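Please look at the sequence and the structure first.

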Amino acid sequence: MNTRKLIPIYSGVLQYFPDAIQEVAKTSWEGNNQHNPGQPLHWDRAKSTDQLDALVRHLTDHASGDVFDTDGQRHLAKVAWRALAQLQLDIESEKK
């Protein structure tokens, strides 16, 4: 059997967390508009290098009672984006 079919991306993640995934996608979109104005949506890895430090800064801000960052995006959505970015980088480094 194709092992790809054993990984339930839709039913195991997207169906569980549709609102959260939408919020992370919104944060990704807004971040692209802020850091890459006028460019198609993309992850500019040269401008995004401190995933874990940024994640903790946003988590700390959220823990202190600030739900939203100064740009109107949720701190926890930024935490999730940074966690996904670091996970992606870790997985990519293991493939080399």
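**Reading aromatic pairs**

Q: Is tyrosine 16 buried or exposed?
A: Buried means under 20% relative accessible area, exposed over 50%, and partly exposed in between (1.4 Å probe, protein chains only). Tyrosine 16, at a relative accessible area of 58%, is therefore exposed, while phenylalanine 17, at 45%, counts as partly exposed. The model is predicted, with local features needing pLDDT of at least 70 and side-chain atom pairs pLDDT 80 or more, whereas totals for chains, interfaces and linings use all residues. Residues are numbered from 1 along each chain as its sequence is written, and side-chain values use heavy atoms, leaving out hydrogens and water.

Q: How many aromatic pairs does the structure hold?
A: A pair of aromatic rings is described by the distance of the centres and the angle of the planes. Rings of Phe, Tyr and Trp (its six-membered ring) pair if their centres lie within 6.5 Å, and planes under 30 degrees apart count as stacked, over 60 as edge-to-face and the rest as tilted. The structure holds two such pairs. In one, tyrosine 16 and phenylalanine 17 are edge-to-face, 5.8 Å centre to centre with 85° between the planes. In the other, tryptophan 43 and tryptophan 81 have centres 5.6 Å apart and planes at 75°, so this pair is edge-to-face.

Q: Which charged end sits over the ring of tryptophan 43?
A: A charge sits over a ring if NZ of Lys or CZ of Arg is within 6 Å of the ring centre and within 35 degrees of the ring normal. Here the charged end belongs to arginine 45, 4.1 Å from the centre of the tryptophan 43 ring.
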